[in-house]
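Morning, everyone. Let's look at the pockets and the ligand site. Here is the model.

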Amino acid sequence: MQKILFVASEAMPFAATGGLGDVLGSLPTAIANAAEGNADVRVVMPYYGTMSQEWKDRCETAVEFYVDLSWRKQYCGVKKLEKDGVTYYFIDNEYYFNRKTLYGEFDDGERFAFFSLAAIEMMRHIDFYPDVLHAHDWQSALSVVYLKLKYSHIAEYSAIKTLFTIHNIEYQGKYDPYLLGGLFGLSNDAISIMEYGGCANLMKGAIVLSDKVSTVSPRYSEEIKGEEYSHGLHHILNAEADKLCGILNGIDYDYYNPVSDNAIASKFSWRSLAKKAINKKALQEEIGLDPRDDVPMLAIISRLVAHKGIDIVRECIYNVIENTEVQLVILGKGDAEYERFFCELQDRYPNRVKALMAYDRNLAKRIYAACDIFVMPSKSEPCGLSQMIASRYGAIPVIRETGGLYDSIKPYEERSSGISGNGFTFADYRADALEGALRAAISLWYDTAKREKLVGRIMRTDFSWKKSALTYLRLYESL
Ligand code: GLC
């Protein structure tokens, strides 16, 4: 029986701010299923004040102890619940985690150092020592560091292997090296391991100390070895290249399923595409767009930040709207300048453009189910889940060929033997390249026979966790 412990700062449905939470909400169960009873899969995450009461009520207290974080002695309660074949532990400390948001607090470094150390300490209190500790992103990076630097003299701990997964290299957890001792409670030998570019870099520490490092798509694992994508860490990743690999994420096929989804107006499958049109009509009514079924609806569902490619959208979207009859729906929050831009666009074309500056998972589903073309021109994209969700709900993805977008969406081609590909793609990060791909998708949409053939193919593309969960299992075994 393989014992796996995931250490992460978020997991659906308990707490999530983005793709990381989606992955941690579905991968552990997928791994338990793929192992067919031969894996004991557990997850540890913070017990956030924002977690819904329903889940809090389902938790029981497993153990309580104190954690020595540098000179501080902090209370740690461990709550526990079981869900879909996985045991979830929640690290409870009101002072650190009973806040209004998950991240962005002045003391995030201290909060996640406490979380990481508590996750390691927890093992001896619940008497569960995993074979593999699987840590995710900078918030959990210190769990690897503590395990290897502070606990390796204890037999049970020294046997634990580690996998560190990078979901986004942009956020590394960089602190003043002075804090290594005073705040994180690490000794001097940690400095040479963690120090990078004048900072104590938590992600670097985990990369160097982990037995294996993975990213969330094969392409991204190559990209981050180069300066353009590495946010400064390419030297380290090249030095550690032999332990680096990429495994493509999947999506939760039960949660995202147009055949059984109660959040959408009309359930449908690739065999009943006419019902997708009902979703389009319902959304047009809901958000106040012209009730037209004879023009394609484009959608963007994204954080509105630069690396999602919003600036090239801004450059070309007026052209597209002026020269075609498309409708456009944008759902997401982000940088003020982008929010303002989309609101102005809506003011100018009130019956054709809707700018919904919100984070709303059910509304997102209604948009996926309604739209015809899904736009995701990211400058960088470690994996990206939206293009997979859009595909599942029968929207044609238009993507830039980067990271997981490159690995999941291949260009549509017509051949004598039939069609290939599952979307429209472009390589250069330029507005005219995006516009070209959008126009190609729009013109295909008007050809009903071709459109239905492509959409059917897209909806049947396998973005479930099945294959990747097995790849993770093999990786754990290799450790
Ligand atoms: C991060 C990445 C995104 C990826 C997600 C889950 O949010 O930016 O590309 O899909 O993590 O791994």
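First, how elements are named: helices (H or I, at least four residues) and strands (E, at least two) are DSSP runs, numbered from the N terminus. Residues are numbered from 1 along each chain as its sequence is written, and side-chain values use heavy atoms, with hydrogens and water left out. This is a predicted model: local features need pLDDT of at least 70, side-chain atom pairs count only at pLDDT 80 or more, and totals for chains, interfaces and linings use all residues.

Now the pockets. On a 1 Å grid over the protein atoms alone, a pocket is an open set of points where a 1.4 Å probe fits, with protein on both sides within 12 Å along at least five of seven lines; lining residues have an atom within 4 Å of a point. A volume is the space filled by probe spheres set on the points, which are joined across faces, edges and corners.

The largest pocket has a volume of about 1400 Å³. Its lining counts 49 residues. Nearest its centre lie Thr 17, Gly 18, Gly 19, Arg 303 and Tyr 359. Several elements each supply at least two lining residues, among them helix 1 (19–34), strand 13 (297–301) and helix 17 (386–392).

What takes up the space of the largest pocket? The ligand does. By the rule used, more than half of its atoms lie within 2 Å of the pocket's grid points.

Who surrounds the ligand? The shell (a heavy atom within 4 Å) includes Gly 19, Leu 20, Val 23, His 167, Asn 249 and Glu 381. By class, that shell has six nonpolar, five polar and one charged residues.

His 167 has a side-chain N or O atom 2.6 Å from a ligand oxygen. For Asn 249, a polar side-chain atom lies 2.8 Å from an oxygen of the ligand. For Glu 381, that distance is 2.6 Å. Taken alone, the ligand exposes 310 Å², and the protein buries 92% of that (Shrake-Rupley, 1.4 Å probe).

On to the second largest pocket. About 520 Å³ of space lies there. It is lined by 21 residues, and Ser 26, Thr 29, Asp 252, Tyr 253 and Asp 254 are the closest to its centre. Helix 1 and helix 21 (466–478) each supply at least two lining residues. Which element gives the largest share? Helix 1, with seven residues.

Note on methods
A polar contact is a pair of N or O atoms within 3.5 Å; within protein, one must be able to donate a hydrogen and the other to accept it, and residues adjacent in sequence count only if both atoms are side-chain atoms. Ala, Val, Leu, Ile, Met, Phe, Trp, Tyr, Cys and Pro count as nonpolar, Asp, Glu, Lys and Arg as charged, and the others, Gly among them, as polar.
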